[in-house]
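Subject: Structure for you to look at

Hello,

Here is the structure I said I would pass on. Please open it beside this message and follow the notes in order.

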Amino acid sequence: MNLYEKSTIEAIKASHNFKLSKSLGQNFITDYSVIEDIVYGSGVGSDDLVIEIGPGIGVLTDAAADVAARVIAIEIDDKLIPILNETLAHHDNVRIIHEDVLNVDINSVIAEERSAGSFGGDVKIMGNLPYYITTPIIMGLLEKGVDAESITVMMQKEVADRIKAKPGSKAYGALSVAVQYYCNVEQVCLVSKEVFLPKPKVDSSVLKLTLRENKPVKLIDEQIFFECIRGGFGQRRKTLLNSLTGVRGMGKDQVRNILESVGIDGIRRAETLTIEEFAALANAVSEQEKF
Ligand code: SAM
């Protein structure tokens with residue numbers, strides 16, 4: 001049974017009286033090459049643990065379970081659980097967690113699996129993400145310090161473009177700086193909207209986010225760094241002098257002095273700042289707060 005074939009998906013829907021839910025972002029993959037791009041693009045090996053977000057009827061889970069030592073698939077939809085139990089019954093290395101991924105303590109799951117000896121290698125997170133919570137899922141994993149080597153996930157092309165954007169481009173924003181601070185970002189492939197059931201309105205993109213062992217900049221205070229980024233991009237059409245006024249209670253003169261001290265012109269906008277410049281700015285704010 002090829003789970004990516006439209007006829008198989010239709011047969012499963014009919015036999016389980018299952019209806020695809022738009023609100024849960026259920027757009028299923030119908031092209032095997034996309035499955036290969038995600039599973040092989042992640043670099044998963046035979047000793048590794050895969051954590052899959054949103055398995056649907058198990059199309060990626062099935063392919064990952066053929067390669068990895070162990071696969072944990074996290075699915076929110078009650079109606080998909082009996083389907084997954086059926087479609088994945090021939091694998092003895094798959095565990096389904098029936099839960100909202102945003103409520104799962106993934107590091108505890110990884111620690112549990114490691115101590116049970118179910119894998120000895122790396123942890124690779126993958127999935128065709130539900131589009132309505134792509135950013136909370138990715139930022140949640142990164143901010144909680146997920147104990148994984150990489151995150152290889154499909155998302156709307158527009159969100160992927162924002163994540164991988166460079167300074168000076170229209171797509172560059174707080175999400176770009178935040179994800180690039182935690183990860184090395186690579187695009188694995190572009191995916192046409194034609195290969196999903198049902199067909200979404202927009203094309204998709206698969207990104208591989210490899211968690212950095214060493215961050216690209218040294219920070220005195222991570223929270224201040226993120227507050228400067230949010231403040232700067234919160235009003236992205238304003239100059240830095242204006243958009244940063246009010247961040248951590250700073251007045252305009254304080255902002256002017258800080259920008260001057262790190263050689264950043266106050267008439268620039270946040271979208272022109274590199275991650276190194278944001279770090280210099282945040283560190284100057286941190287230094288000033290010491291006095
Ligand atoms: N992996 C399948 C595929 O590629 O064909 C399905 C991908 S579909 C885009 C997204 C999946 O995420 C659906 O199965 C949906 O039910 C599930 N999902 C949606 N919200 C979720 C949440 N908060 N936690 C866990 N799974 C969720």
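A residue is called buried if its relative accessible area is under 20%, exposed if over 50%, and partly exposed in between, with a 1.4 Å probe and protein chains only. This is a predicted model, so local features need pLDDT of at least 70 and side-chain atom pairs count only at pLDDT 80 or more, while totals for chains, interfaces and linings use all residues. Residues are numbered from 1 along each chain as its sequence is written, and side-chain values use heavy atoms, with hydrogens and water left out.

The whole chain

The protein chain has twelve helices and nine strands. Helices (H or I, at least four residues) and strands (E, at least two) are DSSP runs numbered from the N terminus. The C-alpha trace spans about 70 × 45 × 30 Å along its principal axes. The chain has 291 residues, and 51% of them count as buried. Its accessible surface is about 13,400 Å², and carbon and sulfur atoms supply 47% of that. Accessible areas come from the Shrake-Rupley method with a 1.4 Å probe, and for residues only the protein chains shown count as cover. A contact means heavy atoms within 4.5 Å. Among contacts between residues at least 6 apart in sequence, 67% join residues at least 24 apart.

Is strand 3 (residues 70-75) enclosed or open? Six of its six residues are buried, so strand 3 is largely enclosed by the rest of the structure. In a regular strand the side chains alternate between the two faces of the sheet. Here R70, I72 and I74 point one way, V71, A73 and E75 point the other way, and all are buried.

Two strands pair if DSSP finds at least two bridges between them. Strand 2 (residues 49-53) pairs with strand 3 in the parallel sense over five bridges, and R70 in strand 3 is the bridge partner of L49. Strand 3 also pairs with strand 4 (residues 94-98), again parallel and over five bridges. There, I72 has R95 in strand 4 as its bridge partner. The chain goes from strand 3 through helix 4 (residues 80-87) to strand 4, a β-α-β crossover that is right-handed. Right-handed has a set meaning: with the strands pointing away from the viewer, the path from the first strand over the helix to the second runs clockwise. Strand 2, helix 3 (residues 59-67) and strand 3 also make a right-handed β-α-β unit.

The ligand

Which residues are closest to the ligand? They are Q26, G54, E75, N128 and Y132, out of 24 residues that surround the ligand. For this count, a residue is near a molecule if one of its heavy atoms lies within 4 Å of it.

Three of these residues can be looked at in turn. A polar contact is a pair of N or O atoms within 3.5 Å; within protein, one must be able to donate a hydrogen and the other to accept it, and residues adjacent in sequence count only if both atoms are side-chain atoms. A polar side-chain atom of E75, a residue of strand 3, is 2.6 Å from an oxygen atom of the ligand. A polar backbone atom of G54 lies 2.8 Å from a nitrogen atom of the ligand. An N or O atom in the side chain of Q26 is 2.9 Å from an oxygen atom of the ligand. Taken alone the ligand exposes 600 Å², and the protein buries 99% of that.

Strand 9

Strand 9 (204-211) has eight residues, and eight of the eight are buried, so strand 9 is largely enclosed by the rest of the structure. S204, V206, K208 and T210 point one way, while S205, L207, L209 and L211 point the other way. Strand 6 (residues 150-156) is joined to strand 9 by seven bridges, and the two run antiparallel. In strand 9, K208 is the bridge partner of T152. Strand 7 (residues 183-191) pairs with strand 9 over eight bridges, also antiparallel, and N184 has T210 as its bridge partner.

Backbone exceptions

Most residues other than glycine have a negative phi, and most peptide bonds are trans. N17 is not a glycine but has a positive phi of about 50°. N17 is in the loop between helix 1 (6-15) and strand 1 (28-29), and is exposed, with a relative accessible area of 59%. R248 has a positive phi near 50°. R248 lies in the loop between helix 10 (240-243) and helix 11 (252-261), and counts as partly exposed at 34% relative accessibility. A cis peptide bond joins L197 and P198, with omega about -10°. P198 lies in the loop between strand 8 (196-197) and strand 9.

Regards
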